[in-house]
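Student: I've got this one open on my screen. Could you pick a single part and take me through it closely, then tell me how the rest of the chain is laid out around it?

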Amino acid sequence: MNILMVGAGSMSESLVKGWLDSGISPQMITMTNRADRSRLFALAEQYGVRTTAEEQVDQFDVVVLAMQPDGVLDYIKQQTWRTDQLVVSVAAHITPAEIEAHISCGAVCAMPNTPVAFRTGMTGLWFGDLVSDEKRQQATALFGRVGETVETNAATMPYLMAAAGCSPAFFYEIVGAMTPVLTKAGFDASSARRIIAQAMKGSAELLLHEERPTEELIKDVAAPGGPTDRGVRVLREHDLAQAMYEALMESAREKN
Ligand SMILES: NC(=O)c1ccc[n+]([C@@H]2O[C@H](COP(=O)([O-])OP(=O)(O)OC[C@H]3O[C@@H](n4cnc5c(N)ncnc54)[C@H](OP(=O)(O)O)[C@@H]3O)[C@@H](O)[C@H]2O)c1
């Protein structure tokens, strides 16, 4: 199975890094972009992947469209496609039907997140009407190499994108907001970041192993009137729930 990555930005690199770590040979991956040749050279140096400035998409079993959304449909129209390829777009707000209007091999719209680089990603997969069972399995297995997958559709994809594709940035925003408290107390910035990230990672692990509602998990940590309880009260007074709701709704919204 050879893979062409069209686009060599942060999402493309994250996927390539994760796939290589999962055992895919660098010789099976070719990367291309629009103009930045030095970026391709650097990626080839770092990961040992192939690069090209003049790709022929029909030479590849899997083509991942990892460019900005506004370039996807023009790119699709300009290329010649085989009928048995797996075509995956990771672009926000592009639908399988829009792609399948121009190709007959079926299209999968995937929404991964950058933690795929460490094989801890969360990817939504929206399968077009023309995608065969075999291609569904192939796409699910490919993204399963770099984390968890969930099937999405027109109704759920924008919210999956907000909650998984965009949310690493929300979490970094939270870490950035927590850090000064620790650095002011005397930790260096790197230790502060490690402390917060490890606390988040452990909490995420616990959430993945627990089925009780989050309210109950909070009670496990927050004795009434104790330090956690008082801190949670401050978050509620500042309406963190409303801020998170509005952030996700804004990210899910298609820009006019
Ligand atoms: N970043 C994320 O966390 C994330 C998460 C989920 C989904 N996505 C989706 O992934 C896509 C890429 O995001 P990104 O953050 O990686 O963007 P990015 O860092 O801006 O990279 C975009 C890449 O696409 C290339 N490109 C643009 N037009 C092209 C064309 N016509 N042919 C070939 N290459 C082309 C650019 O090449 P040049 O530099 O040479 O122009 C660049 O390498 C977007 O559609 C986004 O919605 C991103």
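Tutor: Let's begin with terms: helices are DSSP runs of H or I with at least four residues, strands are DSSP runs of E with at least two, and both are numbered from the N terminus. On that basis the chain has 10 helices and 8 strands. Bear in mind that this is a predicted model, where local features need pLDDT of at least 70 and side-chain atom pairs count only at pLDDT 80 or more, while totals for chains, interfaces and linings use all residues. Residues are numbered from 1 along each chain as its sequence is written, and side-chain values use heavy atoms, with hydrogens and water left out.

The part I'd pick is the loop between helix 4 (96-100) and strand 6 (107-111), where you'll find Gly106. His102 sits in that loop too, between helix 4 and strand 6. Is Gly106 buried or exposed? Gly106 counts as buried because its relative accessibility is 3%; the cut-offs are under 20% for buried, over 50% for exposed and partly exposed in between, with a 1.4 Å probe and protein chains only. His102, at 38%, therefore counts as partly exposed.

Now for the neighbours, where contact means heavy atoms within 4.5 Å. Leaving aside residues up to four places away in sequence, Gly106 touches Val87, Glu100, Leu130 and Val131. With that same exclusion, His102 touches Ile76 and Lys77.

Stepping back, the domain assignment, which is automatic or from a database, gives domain 1 (3-152) and domain 2 (160-252). Taken over C-alpha atoms, their centres are 32 Å apart. Across the boundary, 11 residues of domain 1 are in contact with 8 residues of domain 2. The two domains bury about 590 Å² between them, 76% of it on carbon and sulfur atoms; buried area here is the accessible area (1.4 Å probe) that two parts lose on being put together, summed over both. On the domain 1 side, His93, Met111 and Asn113 supply 54% of the area buried against domain 2, more than any other three residues.

For the chain as a whole, 38% of the 256 residues are buried, and the C-alpha trace spans about 65 × 40 × 35 Å along its principal axes.
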